Structure formats: structure tokens, C-alpha cells
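Hi everyone, thanks for making time. I'd like to walk you through one model this morning, starting with its ligand and ending with a few backbone details.

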Amino acid sequence: MDADVVIVGAGVVGLAVAVAVARADRTVFVLERATTFGTGTSSRNSEVVHSGIYYPPGSLKARLCVEGNRRLRALAEEGRFAFLACGKLVVAVEPAEIPTLEGLLAVGRANGVEGLELIGAADVPRFEPHVRAVAALVVPSTGVVDSHGLLRDLVGRARDGGALMVYGCRVDAAEPMAGGYRLHVGYLAGGGDTLTARLVVNAAGLDADLVAALPGLDVDAAGYRQEWVKGNYAEVGNGKQRLISRPIYPAPVYHGVRAGAGQAAFSGLGVHATRGVDGRVRLGPDVEYLSGRSEQYGVRRGTAESFYESARRFLPFLEPDDVTPESAGIRPRLAAAREAFADFVIAEESARGLPGWINLVGIESPGLTCALPIADEVARLVGELD
Ligand SMILES: Cc1cc2nc3c(=O)[nH]c(=O)nc-3n(C[C@H](O)[C@H](O)[C@H](O)COP(=O)(O)OP(=O)(O)OC[C@H]3O[C@@H](n4cnc5c(N)ncnc54)[C@H](O)[C@@H]3O)c2cc1C
């Protein structure tokens, strides 16, 4: 089998790439080891379409987030998937947290996020009457997407464009050859095969570093090694989920980095409350570094209790038995970065002796928001190589 482009991974990023590169005169395969699309991180996240207030100006995350937000809103307006144009609040519970909100406001404006407004305690009830805050940053462009609807839409459009989805097909090895790569795949059903590809796009999410290593790239030297960082969620029930109407985030905790410097170097965004398009309210995710690579999605013991303690600072109506363990997802985080800011890696590897091999590594949050513009970057690289 010969392909022009092979995309490894049918998460939101691989599927968006398939939509962006599929053309009548190109053979495009999407190889996915699971039995269907979107079973990894793409269906285990907060579903927030981020605005772009957290990322250093000039970074890929900042630019692609603002662009991805705009693109997803436009597609949602066409009725392609469910979307809540609800905005969000980032709240200061104590006056000492207000400078952090001012920092986010400055970063957001520098990144081109529209409509940001810092409000005082008296105005908070206009937005969220049950939330406790001495000030809040109103972020109108944040939304919530039905991630499954988005994934379904992307698969449909990729197929319409001529891309072929192959499920239950794991890419195990890759050898550079003249004009491309020979890929060895193993089928879930048993047996294996080889195919050749002129161009390979590695969109393997949690295993993107392992796939990057297949053609012989030294991932440690390249800084591509990923560690797995779990995020646990708990659900708010007993009717309390109806007391907020948009995601509510605390002021993020910075690690020795001056707020407003644009260095979004904090471990996660703090335990926050998000709404699903179905009205479900979840608390989380937290930040749990995993010691190994085991795709275990059980919720850590004590999650509900600790989330209740964190969230009741700004959701004072919560009682302990309103919060129950719900689910978890795992982020692929660039190991070298630890808790510092790490940008997405979108790299065509000619300079490392692997022409036509494109790696997408460290695609953690806001990867869902950024999938479409990440795919455009890849399509541009593919166009240059074609
Ligand atoms: C807890 C949590 C909360 C998040 N919240 C948000 C949010 O609110 N907003 C936001 O924008 N982003 C969020 N994100 C980030 C977002 O979910 C991810 O960035 C995005 O889903 C990554 O998509 P992906 O396609 O790169 O990876 P994945 O969805 O993991 O897809 C990769 C695919 O590759 C396949 N694969 C791997 N290796 C192979 C192989 N060798 N052969 C074949 N197939 C292979 C896997 O099976 C998988 O299906 C969150 C992430 C987490 C973990």
C-alpha cells in the first residue's frame, strides 16, 4: 500500500489534519490503534474552548488558541456541533489575587483576546449571583464545545475529503527510505502489514514521543520526551449544578513568576468549575504526575473531598455530599518543561535528517481549542513539501 500522507492518531488533532490535507489527488490514511476515533485525550478533557489569556504573547499556544477559538465558534454557528457561547469568569476571592487577574487581562489583551473586562465585587452577581468573589475577569469569548460532536464532524469532513480511516491499526516501526518512509503496522485483529508514505504526520497524543522515535530520532536530544500528567474530575450534583451558568476559574497560582509577565508557568489552571453543553458541572482537573505510562482513568482517592475544599472558596453553596468522583484524563507534557511554560511542538524534521516527517508533540491544553489551526500549520508544511 502506498500513501501520500499517513497521519498517526485519530484524536482531534489527527482528524483536523486529515480535513486540512485531504485532496482528491492525494492518498491520505489516518491510522488509529483503537477501534474508533477520539478515544484518547480528545474525549477526556474539560471541553472548554479557551480564549487565549494564559499563554505568553508570541507563543504558538497564544496565537493558535485565539485563532482556534474563532474557528470553532464559526463552525458552531453553522450548526455542526453543540457549543455554549457562555463566556467564563476568573475570580479573585481575596484582594491579594487581583494582581493575578490584572496580569491575565494584560496578557489576554496582548494576545488579541476580545471583550475582556475586570469587574468588582458589586458586578459579579450580574453574571453569577451565587459565586463569591471580590473581583472577576470576564472572558466573553470562552465557550464550551461538545467534543464528541466536534470529533464526529471532523471524521465526516475528513472522509468527504477522501481520507481513509483505518482503525485497530497500530504503527509499530518506521524506516526512512528514498522519497519517504516504510511503516510497519500491527492490527488489533491480529497480523501486520507494511505501507509506504511520502509524508508522515505524528499526531499520536500521549505516545507522540514514542512515535517520533520510530524513524530513529533522538527524542531526548530533541526535547520531545513527554511525561503523563493526569487530571481528575468530580461532578457537582444535588441540583447545585444549576447555580452557575458558565465556567468559573480561580486566579491561577504562579510559581515564582510575576503575574502579568505572560509566563503562564503554573501547574494547571487551578481546580475550576466547568459546564458541559448538557448542563453537567464538573470540578477539576487537578495535576497528578504519573510515575509510569499506564492509561488508567480511575479517579484518585480523595479527589471529591479536596475539590470541595478548593472550590467552596468561590462556590460557597457547595456541601461535601454535592461533589462525587467523576472521570479523568491524561495530558502529554514535555518532560523538560516540568512546571514551566512549554509551547506546542509542530516540527518538520528535515533538519534532523528526516524530511517529510512532521511531529506534533506536547499537545496538551489548549490542544482541543487549537486543533484546527494546528492542522493548518501542518497543511502549510505538507504543501511546501509536496
Ligand atoms: C484533563 C484534561 C483537560 C483538558 N481540557 C482542555 C480544554 O478544556 N480545552 C482544550 O482546548 N484542551 C484541553 N485539553 C487538551 C486536549 O484534550 C488535547 O490537547 C487534545 O485532545 C489532544 O488531541 P490529540 O489528537 O493530540 O491526542 P489524542 O486524542 O490522545 O489522540 C491521539 C491518538 O493517537 C493514537 N495513537 C497513539 N499511538 C499510536 C500508534 N503508534 N499507532 C496508531 N495510533 C496511535 C491514540 O490511540 C489516540 O487515539 C485537556 C486535556 C486533559 C488531559
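Helices here are DSSP runs of H or I with at least four residues, strands are runs of E with at least two, and both are numbered from the N terminus. Residues are numbered from 1 along each chain as its sequence is written. Please keep in mind that this is a predicted model, where local features need pLDDT of at least 70, side-chain atom pairs count only at pLDDT 80 or more, and totals for chains, interfaces and linings use all residues, while side-chain values use heavy atoms, with hydrogens and water left out.

Let's begin at the ligand. How many residues surround the ligand? There are 38, and the closest are Glu 32, Ser 42, Val 48, Ile 363 and Thr 369; a residue is taken as near if one of its heavy atoms lies within 4 Å. Helix 1 (12-21), strand 10 (169-177), strand 18 (323-334) and helix 9 (367-385) each give this shell at least two residues. By type, the shell has 17 nonpolar, 13 polar and eight charged residues. The nonpolar class is Ala, Val, Leu, Ile, Met, Phe, Trp, Tyr, Cys and Pro, the charged one is Asp, Glu, Lys and Arg, and the others, Gly among them, are polar.

Now the polar contacts, meaning pairs of N or O atoms within 3.5 Å. A ligand nitrogen sits 3.0 Å from a backbone N or O atom of Val 171. For Ser 46, a polar backbone atom is 3.2 Å from a nitrogen of the ligand. Ser 365 uses its side chain instead: an N or O atom there is 3.4 Å from a ligand nitrogen. The ligand taken alone exposes 1,000 Å², and the protein buries 96% of that, using Shrake-Rupley areas with a 1.4 Å probe.

Moving to the interior, a word on terms. Buried means under 20% relative accessible area, exposed over 50%, and partly exposed in between, with a 1.4 Å probe and protein chains only. A nonpolar core joins buried Ala, Val, Leu, Ile, Met, Phe, Trp, Tyr and Cys residues through side-chain atoms within 4.5 Å. The largest core has 65 residues, and those touching the most other members are Ile 7, Val 13, Val 17, Ile 53, Val 90, Leu 360 and Ile 374. Helix 9 provides the largest share of this core, nine residues. A second, separate core holds 29 residues, including Leu 183 and Val 361. Helix 1 is mostly covered, with eight of its ten residues buried, among them Val 13 and Val 17.

Glu 47 is in the loop between strand 2 (28-31) and strand 3 (48-49), and counts as buried at 9% relative accessibility. Asn 238 also has a positive phi, near 60 degrees, but counts as exposed at 55%.

Last, the cis peptide bonds. Gly 284 to Pro 285 is cis, with omega near -5 degrees. Ser 365 to Pro 366 is cis too, with omega near 10 degrees, and Pro 366 lies in the loop between strand 20 (357-361) and helix 9. His 50, buried at 6%, touches both Ser 365 and Pro 366, where a contact is heavy atoms within 4.5 Å. Thanks, everyone!

Note on methods:
Polar contact = N/O pair within 3.5 Å; in protein donor to acceptor, adjacent residues only side chain to side chain. Lists of a residue's contacts leave out its neighbours within four places in sequence.
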